[in-house]
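Visitor: Could you take me closely through the place where the ligand sits, and then through a few other parts of the chain?

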Amino acid sequence: MLAVINSKNVSVILCRPRYPENIGAAARAMCNMGFDQLLVVDPQNCDLTRILKMATHTASQVVEQMQVYQNLQTALEPLHYVVGTTARLGGQRQSVISADRLAPELAPLTANNRVGLVFGPEDRGLTNEDLRLCHRLVNIPTAEFSSLNLAQAVMIICYELRRDRSTASKPFVPRLANRQELDGMYAQLKDVLVKISYIQPDNPDYFMNNLRQFGTRMGLQAKEVSIIRGICRQINWYGKNCYQDGLKRRREDPCD
Ligand code: SAH
């Protein structure tokens with residue numbers, strides 16, 4: 001299954017936005033997250049100067065390519081799958097998924113289908129008629145006050161889609177310590193813990209079992225094992241130095 005969103009097949013649709021500043025800020029958010037197809041439906045005010053001021057220079061390309069439609073139905077015509085966003089739950093909004101579950105669902109679809117993300121007007125959100133054109137509804141979970149600024153909602157949804165892509169392409173896989181490295185470390189630890197009398201020499205394995213369980217639970221990395229072994233070596237070196245210093249002092253002053 002494809003785990004990466006194909007951003008070329010994703011459009012953001014602002015439905016009847018009231019403020020040009022929100023169109024500009026939404027374009028900027030899209031640009032930040034690597035999306036560039038912006039459709040605007042029946043905007044109340046499409047003042048380009050005010051839009052571009054919020055979009056900034058970098059996102060001006062998104063604004064220049066922006067397509068304006070008379071109604072939502074026409075804007076959605078070429079799209080294969082439509083996601084509506086809503087601040088409200090319940091009523092006609094029966095099955096609404098949370099924003100963090102959107103990326104895994106959309107990723108395989110975006111390989112061969114054009115997907116639209118629809119955002120409603122600032123004052124009332126999407127109407128029931130708009131929602132009926134959507135295959136899926138998504139909500140950004142919030143505290144009690146659920147209505148986000150339009151452009152901030154665009155940012156969070158685009159971020160969620162982007163987040164999946166970046167983690168999927170660069171998984172962090174640390175090199176875990178192998179059995180030989182672990183056994184070497186436990187042997188060294190046992191030796192040093194007996195020497196400093198932290199554990200009894202007659203039954204050291206009893207305590208060492210606890211330490212092994214602790215290490216197993218941590219899933220130690222190779223780098224961490226070599227740090228612990230370095231500490232053991234240093235304790236040994238320090239102990240030896242102290243012992244030799246003591247011998248030297250006793251030889252120099254046997255009455256000490
Ligand atoms: N007052 C409206 C919200 C309008 S906010 C209402 O109560 O429905 C403008 C748009 O931003 C919404 O239509 C929706 O597309 C998006 N939005 C705002 N808050 C959201 C949230 N918590 N989850 C999903 N989308 C949200």
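Guide: A polar contact here is a pair of N or O atoms within 3.5 Å; within protein, one atom must be able to donate a hydrogen and the other to accept it, and residues adjacent in sequence count only if both atoms are side-chain atoms. The model is a predicted one, in which local features need pLDDT of at least 70 and side-chain atom pairs count only at pLDDT 80 or more, while totals for chains, interfaces and linings use all residues. Residues are numbered from 1 along each chain as its sequence is written, and side-chain values use heavy atoms, with hydrogens and water left out.

With that in place, a backbone N or O atom of Thr86 lies 3.2 Å from a nitrogen atom of the ligand, and a backbone N or O atom of Gly120 lies 3.0 Å from an oxygen atom of the ligand. A polar backbone atom of Asp123 is 3.2 Å from a nitrogen atom of the ligand. Of the 550 Å² of accessible area that the ligand has on its own, the protein covers 93%, areas being taken by the Shrake-Rupley method with a 1.4 Å probe. Around the ligand there are 21 residues, the closest being Thr85, Gly120, Ile140, Ser146 and Leu148, where a residue counts as near if one of its heavy atoms lies within 4 Å.

Turning to Tyr69, this residue is in strand 3 (residues 67-69), strands being DSSP runs of E with at least two residues and helices runs of H or I with at least four, numbered from the N terminus. The side chains of Tyr69 and Gln67 are joined by a polar contact of 2.7 Å. Leaving aside residues up to four places away in sequence, Tyr69 touches Leu39, Val40, Val41, Asp42, Thr74 and Ala75, contact meaning heavy atoms within 4.5 Å.

In helix 1, the buried residues include Pro20, Ile23, Ala27 and Met30, buried meaning under 20% relative accessible area, exposed over 50%, and partly exposed in between (1.4 Å probe, protein chains only). After helix 1 comes Gly34, whose phi is positive, near 85°.

Last, the cysteines: a disulfide is a pair of cysteine sulfur atoms within 2.5 Å, and by this rule the count is zero, because the sulfur of Cys232 is 16 Å from the closest cysteine sulfur, in Cys242, too far for a bond. Cys232 is buried at 2% relative accessibility, whereas Cys242 is partly exposed, with a relative accessible area of 40%.
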